[in-house]
Amino acid sequence: MKYSFYSSIWATILMLVMFFISGLFGSEKTTSGRSYNLPSRALAGRTIVVDPGHGGADPGTVGVGKTTEADNVLAIAWELKQLLEQAGARVILTRQGNVNPADGTAYSGLPNSQLAARVAQANRSEADIFVSLHNDWSDDPNAAGSASYYYKSHDWALAEAVQRRLPAQLKANDRGVRHGDFYVLRNTSMPAVLVEIGFLSNAREAELLSQRWYRLEAARGVFYGIVDYFQAMS
Ligand SMILES: [Zn+2]
């Protein structure tokens, strides 16, 4: 009698613990409270070039925060790479550290050398898409939020998919899908997007972009957009 009483308590506790654990790990939770049930290996067979802007002697935008654009986007690129690989994609980073991707290549010293080296790497890889990560700057210290740029007509769907997810994930101002004549968009042969994640001229966003959790949220926003893009195509 005593034995069965205690064993039923233990059984109840065990069930509660299992219920709690399944709630924690059953689906991908986001800070916005929504959850996405990603099909496993949603990106299997896809090759994705992730391009953290700037690097080496070029820090990119140096705003009011502690970290540079080159540092921020490199950290976000590594988070994004991990998410994409977990979903089955092959990922190529145009730079893996604080380096100039043109150094040591045939492009070294040429005009647009950094950008030409990135584009050559992408076009050689026959990647499905090219995703360039940047931080923005404005004379207006109140300017804030995310924008996704396209140039070629077949860039648009990718930019639209990323833009639908990124500002929502960051709870940031949605600056929309924009047309931009950027070298890496103009010269890549595959659909490409240039993402301006936030403003380093804005004190709040500069601080957020220096923090690991916010960089991970940025990577998640771009990641969900990429998954949506490929799911809409198939
Ligand atoms: Zn930039």
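## Contacts and the model

Two residues are in contact if their C-beta atoms, placed from the backbone, lie within 7 Å. The structure described here is a predicted model.

The length of helix 3 can be checked by simple reasoning. With 13 residues at 1.5 Å a residue, helix 3 should span 18 Å, and because its end C-alpha atoms are 18 Å apart, the two values agree. Just after this helix, glutamate 126 adopts a positive phi of about 50°.

## The sheet

Strands of a sheet pair through backbone hydrogen bonds, in either a parallel or an antiparallel manner. In this model, 6 strands form an open sheet with mixed pairing, in the order 4-3-5-8-6-7. Its edge strands, strand 4 (90–93) and strand 7 (174–179), each pair on one side only. On average, and with direction ignored, neighbouring strands of the sheet are turned by 20° against each other.

Strand 6 (residues 146–150) pairs with strand 7 in the parallel sense, over 4 bridges. Tyrosine 150 has histidine 179, in strand 7, as its bridge partner.

## Helices on the sheet

Helix 3 (residues 113–125) packs on the sheet and touches strand 3 (47–52), strand 4 and strand 5 (129–136). The direction of helix 3 makes about 175° with that of strand 3.

Helix 4 (residues 156–170) lies across strand 5, strand 6, strand 7 and strand 8 (192–199). Relative to strand 6, helix 4 runs at about 175°.

Terms used:
Residues are numbered from 1 along each chain as its sequence is written. This is a predicted model: local features need pLDDT of at least 70, side-chain atom pairs count only at pLDDT 80 or more; totals for chains, interfaces and linings use all residues. Two strands pair if DSSP finds at least two bridges between them. Helices (H or I, at least four residues) and strands (E, at least two) are DSSP runs, numbered from the N terminus. Axes are lines fitted to C-alpha atoms, for helices over the stretch in contact, and angles run from 0 to 180 degrees between N-to-C directions. The expected span of a helix is 1.5 Å times one less than its number of residues.
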